[in-house]
Amino acid sequence: SSGINAEYGGKVLAGILIRSCDKAEVSGLDDLQVLVVATGTKCVDGSKLSSSGQALNDSHAEVLARRAFKRFLMEQVKRFHSQEESSILVKSADPPYLLTVKPGLSFHLYISTSPCGDARIYNMASPEENAASAVKVPRGALRSKIECGEGTIPVSNMSAVQTWDGVLAGERLSTMSCSDKLAMWNVTGIQGAMLTHFMEPVYFDTIVIGACFSLYHITRALVNRVQKCSGLPESYTVHKPLILPVSQQNQRVPSKSSSYSLNWILGEGAVEVTKTNTGKCVDESPSRLCKSALFSKFNDLCKVVTNTKPYGGRLYLDIKKDASNYQTAKKCTVENFSSSGNGKWIGKPVEQDMFSI
């Protein structure tokens, strides 16, 4: 609503849409429909990390939109197995007979500006200048977001391992840039690890960028850096989404970022407002997009999927590790970044995933 936008308006907006062509038969679905929307440009304060999965680490719009999309997909898996409502998923004809998206459906990402990190490291006065230009900046480097702030820095001088006690003692919390995460998702898919227990990977068909658009640099950051990934499991691929600008480019307007993020999910009612520095809702309750909430929804899903493994009572960390094909695809991507000279992928302290529901 306009009231919410006035008070909590975000500097960057991202949304995921679904497109249905003529041969797709999904009741109640328009030809092009918005599934999720999110805003945000900041990350959590390191002192607010949650050991129970109840704080959002990364409140950048693209990341929150993807988390919201995972929640949407979980609902679609539930619909398929409960057979109570129409689902966008069908069972694959090939072993191990996981769910897959119905033929004729595709997913599309919109971001109001180019993703932070490598996609945005170029001379704005001359967007198409190449790597041989006089402007010497590290092309292709993995970059980390600034804790509680904006912008990114190369990971070259950072440790690839973050520790819980180190962060709480004052070490800067590192979070991989949106350019790096989008490149990763072009290999692992956008469904995350947990959902691969039930379905095949899902990829964006197109990525549409609003402001700061440079096809050369965005393609390098999101696609070219992962082209040499090899040894991927079956169903995984190095995906090449179509990257497009909007018809009229947004102009850069200097402004202060909001300390709030918004998220909206089709079928889940009201917009949720979260504080970026705490990673929680304005009333300090956990967000529906936090790890704990998604894990709880996953456990509810296991009760509906009758042939699922017994996941009850296990750690969130172990459920993700058990998604072996997904983890292999992620490992291949991380190794590709390292061997290509882009840098080492920095993970969060393992303790934050050692919780159960």
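**Close-up views of a predicted protein chain**

**View 1. Strand β5 and its two pairing partners.** Strand β1 (residues 13-20) pairs with β5 in the antiparallel sense over 7 bridges, where strands are DSSP runs of E with at least two residues, helices are runs of H or I with at least four residues, and both are numbered from the N terminus; two strands are taken to pair if DSSP finds at least two bridges between them. Within this pairing, Leu17 stands opposite His108 in β5. Strand β5 is also joined to β9 by 6 bridges, and these two strands run parallel, with Leu109 standing opposite Ile207 in β9. Strand β5 (residues 105-113) is mostly covered, since 8 of its 9 residues are buried, buried meaning under 20% relative accessible area, exposed over 50%, and partly exposed in between, with a 1.4 Å probe and protein chains only. The model is a predicted one, in which local features need pLDDT of at least 70 and side-chain atom pairs count only at pLDDT 80 or more, whereas totals for chains, interfaces and linings use all residues. Residues are numbered from 1 along each chain as its sequence is written, and side-chain values use heavy atoms, with hydrogens and water left out.

**View 2. The open sheet β7-β6-β8.** In this sheet, 3 strands are arranged in the order β7-β6-β8 with antiparallel pairing. Strands β7 (152-154) and β8 (175-176) each have a single partner strand and stand at the edges, so one side of each is left without a neighbour in the sheet. Strand β6 (residues 143-145) pairs with β8 over 2 bridges in the antiparallel sense, and Ser144 stands opposite Met176 in β8.

**View 3. Packing of helices α2 and α6.** Two packed helices are described by the angle between their axes and the distance between the axes. Helix α2 (residues 61-82) packs with helix α6 (residues 291-304) at an angle of about 10°, their axes being 10 Å apart; axes are lines fitted to C-alpha atoms, for helices over the stretch in contact, and angles run from 0 to 180 degrees between N-to-C directions. The two helices α2 and α6 are therefore roughly parallel to each other, a description used for angles under 35 degrees, with over 145 counted as roughly antiparallel, 65 to 115 as roughly perpendicular and the rest as oblique. Among the residues of α2 that meet α6 are Arg67, Met74 and His81, and the residues met in α6 include Leu294, Phe298 and Val304. The residues of the contact of α2 with α6 divide into 7 nonpolar, 2 polar and 7 charged, where Ala, Val, Leu, Ile, Met, Phe, Trp, Tyr, Cys and Pro count as nonpolar, Asp, Glu, Lys and Arg as charged, and the others, Gly among them, as polar.

View 4. Pro96 is found in the loop between β3 (89-91) and β4 (99-101), and a cis peptide bond with omega of about 5° joins Pro95 and Pro96. Tyr97, whose place is also in the loop between β3 and β4, has a positive phi of about 60° although it is not a glycine.

**View 5. Cys212 in the loop between β9 and α5.** Cys212 is found in the loop between β9 (204-211) and α5 (215-222). Phi of Cys212 is near 55°, a positive value in a residue other than glycine, and Cys212 is buried, with a relative accessible area of 18%.

Key:
Contact = heavy atoms within 4.5 Å.
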